[in-house]
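Me: Could you walk me through a few local features of this one? I'd like to start with strand pairing and then look at a couple of side chains.

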Amino acid sequence: MLRKATAFFLFLLSMAAAGRAQQSSYEQIRLDASGALSLLDNSFSRHWESSPGFHIGTRINYHAGNLEAGVRYSNYSARDPAYDEASFSAYFIYIGWEYPFRLARQLTFAPGLRFGNTFLAFRNPATYPAAGVWAEYVFDSHESEFAYELFGRLEYKLGNSPWHLHSSFSYNRTLTYHPLPVGLLSLGISRSLSTPSWLKNFLQ
Amino acid sequence: MIRRLFILLLFLCCNTPDVLGQATTEKKDSLATSILIKPNDILQAIPEWTAATTDGFAYRVHSGRYGFYGPQPTVYIDDIPIDFSYFNWQNLNMLPLSTDQIKVIGYHSDPRAHHGMLARSGYLDLRTLPPDTGFSIYSSITVGNQIEDPGPWSYDPSRVTPNIDRRGPHYISEIAYGGSRWYAKGHLSLRQHQPTNLNNNHRIGSYSYVDGVWHPVKTTVGNGLAEVGFHTGNWSFRTRGLLSTNDEYVFFQPFGREIPAVTGYRQLAVKASRKTGSWSLSARYLANHKSMEYRVNNKGYNFDWWRINHLFSLSSGYQNRWLSLESGGILEISNARGLQMVNQQSLATLYGSISSQLHRDHSLRAGLNIDIATHETATSLSIGSTHQLTDDWSISAVLDYNEMLNYRQESSTYWYRRGYDLFSQLGITHSRPFSSQKNSSTQVKLTNDYTLAPAVSLTLEGTYIDHHTLNIPWQVVAHDEEQYTGIYTHPRDFAFTAEHGSRFRLKLGLTQKVGPGFTHELNMIHRYNRDGTARYHSYWKQIPKQQLRYAVKIRPVTDLSFSAAAFYRSTANWKEYQNLEGEQYRSLQPQYPLQYGTFHTRTPSFFNIDITARKWFWDRRLATTFSLRNLLNTEVRYHTLGPDQAMQFIIKASLSL
């Protein structure tokens, strides 16, 4: 999977190099909000139950495609009774890039890639041996790990308004020793606006 | 993967027709095809050099002549050498600069006099830009993380694995003021590292339980530099102070493992120079104070060693269109204290070089330096020529004979013979007297440079080196069966013997520079031994025979840059650790279900890829860099006792105002 991601990333880089004169940058900024449901059935999802995730992000056009950044919050509780009352929150903070294709006058499809860090906050950190025993080892209550995400987003523009509806499927993989693969289906809204001059100056 | 990279390369080449023909000219011995983030990235980017590490933070360097246990390359910041080598253990993280502030990196692999100092094993010459007029501020933060934390699987006893902590953070800052004739600047750096991989954490961490307290297993390196410069007419003056204090785990090769130590370094430098027409004159005073003191550990190990050097140097140069001359002298007075040892040394060094452009297509150069100590003298000389045979082909040949004083090898055995009895404290025995001979070698290097196209150059280089005498420190450690101690090695009879043998090195380099937007290069190195003693052969097995590095840098637009480097390194064999072969190591107590690993004397060959992206903001005042190291997550291991460096990511943000 990692090799495929690498090849894909390199392909995206080449696209960026090829389309560098496509359009002027930083003209439009877009704010996103969406909710996400976990779909995949795998070892991780069988051991941990995910609550619906919430995502906010921003995108800005940059030469070929859009640069983006954002955060997604999810909460997990243990399905496996052996884990006792274990639960944790996950915050995926990322930067990414997408390349939108226009499918119809008001419909676009954008494949993209995100890199970031998944920050994990454990409510009752794991303890070895059992709590209260001499020389117990308590795991950190906070941990972070590198994660990447491949996604495809369908976006529909609502008439002449600055509002958009979007839906996406994303495959996220947090690279813990035993990785955490997550498939997410999300639905949300976006609002586009002209980039304020102060922000444009900052980004340039 | 190779096929995909090749296709991508072709694709990128086809997409840059608007800048074809704008070949840049750049010094051969400077680096430009990578975005460098950490000081150690510099070492990885030099094709002829190879490096090894036991903790992923400090690297030993083989620059071509002396192997990992010889003197380390001399490091210069703006012509002034800094000396933070402790018994040949040198931590580049002690540089008080960020790689962002280094504008040109020059290097050389052979011993030579350079900027008023004898660089015994080549050099790294780091050059920064003078401060802008008025006030300027620079600040950066770098954090990194290696993958393979346990995450939520920490709750599952069948899947739990050790915590792999973040790397860093590293903080660097500079404040500077530039006037019309003078400038002043100050640098501060703080770099931290957590050696949490199972293979070294169990060993280093075993020192940390002291008086019922587990002390953090952490390396902290803090440095400060202040410099003032002034120039008027033909004169220029500079003075610099440097201060460094570090909590480290110094890998002491005669002991076969790390020793906790607080290393310190202080430097005062004063330099004056004058240029008049073709002549230049320079005078410099340097004071270097190095120390290795006690760092809390449950064995009570303490280097208790310090040394102060005073170096006075005077040099002159002459240059016209046809002729370049340089000569100088250095007087070094050294005082060292260690345990019961008190020692004083005085050395004088004389050096000179001449370079002549006899004809438009032919040049000659020669160099000589004589290092004079109380009881011995080391003489080194070199002669070489370069010939432009056709418009597209030049050939150069260099013959050198090099001697290095035993003192210059920076081996702990030198101090042992003068009463520094650290070996007794550590339980290191030795049966034979240590060698007191000079290192001596002869080297022949033949280089062909071809211009294949206006922007494409090919270099073929062959080097033959005959070590008449090479002092090799050697410690075949024994295995300690008591795993719970976390020690695993026992020092045995240590040897420091004069060996001899000869080696070849072949290099192929291919570079294409297409304007400022696209540069890539391929370098292949092949090394092998021709003959030599048994220990000579064993020693050089630590150095991989083959190395391949492909690096590309793309700047599609002015505020965005990408670099990628693919690196192959063949297997290496650490024969000193043969007694550990196949033995197990394990995580430290007290901890969750024990984790086990296996020592291997042979480090595997590996192929990995690093990619880096940098985006500038706010008219290049703010730069953010994102890097993925070991993208393929292969086993990258440099030493039997070193960690398997899995995939890492690094984020750096730097602000220049």
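This is a predicted model: local features need pLDDT of at least 70, side-chain atom pairs count only at pLDDT 80 or more; totals for chains, interfaces and linings use all residues.

Me: Let's start with chain A: how do strand 3 and strand 4 pair, and over how many bridges?

Reply: Strand 3 of chain A, which covers residues 53-61, pairs with strand 4 of chain A in the antiparallel sense, and eight bridges connect them. One position to look at is A:I56, whose bridge partner in strand 4 of chain A is A:V71.

Me: And what's between those two strands?

Reply: The two form a hairpin, with four residues between strand 3 and strand 4 of chain A, and in the turn A:H63 has a positive phi of about 50°.

Me: Which residue's side chain has a polar atom by the backbone nitrogen of A:H63?

Reply: That is A:S25, where a polar atom of the side chain lies 2.8 Å from the backbone nitrogen of A:H63. A:S25 itself sits in the loop that runs between helix 1 (2-18) and strand 1 (28-38) of chain A.

Me: Is A:S25 buried or exposed, and why?

Reply: A:S25 counts as buried because its relative accessibility is 10%, and the cut-off for buried is under 20%.

Me: What else does A:S25 touch?

Reply: If neighbours within four places in sequence are left aside, A:S25 is in contact with A:N61, A:Y62 and A:H63. As for A:I60, its C-alpha is 8.0 Å from that of A:S25, although the two residues are 35 apart in sequence.

Me: Back to strand 4 of chain A, what about strand 2 and strand 5?

Reply: Strand 2 of chain A (residues 48-50) is joined to strand 4 of chain A (residues 66-78) by three bridges, and these strands run antiparallel; here A:W48 stands opposite A:A78. Strand 5 of chain A, residues 87-98, also pairs with strand 4 of chain A in the antiparallel sense, over 12 bridges, and A:S74 has A:A90 as its bridge partner there.

Me: Switching to chain B, where is B:D79, and what does its side chain make a polar contact with?

Reply: B:D79 lies in the loop between strand 3 (74-77) and strand 4 (80-82) of chain B, and its side chain makes a polar contact with the side chain of B:H115 at 3.2 Å.

Me: Buried or exposed, and which residues does it touch?

Reply: B:D79 counts as buried because its relative accessibility is 14%. Residues up to four places away in sequence not being counted, B:D79 touches B:H115, B:D125, B:R127, B:R238, B:K271 and B:R284.

Terms used:
Residues are numbered from 1 along each chain as its sequence is written. Chains are lettered from A and ligands numbered from 1 in the order in which they are written. Side-chain values use heavy atoms; hydrogens and water are left out. Two strands pair if DSSP finds at least two bridges between them. Buried means under 20% relative accessible area, exposed over 50%, partly exposed in between (1.4 Å probe, protein chains only). A polar contact is a pair of N or O atoms within 3.5 Å; within protein, one must be able to donate a hydrogen and the other to accept it, and residues adjacent in sequence count only if both atoms are side-chain atoms. Contact means heavy atoms within 4.5 Å.
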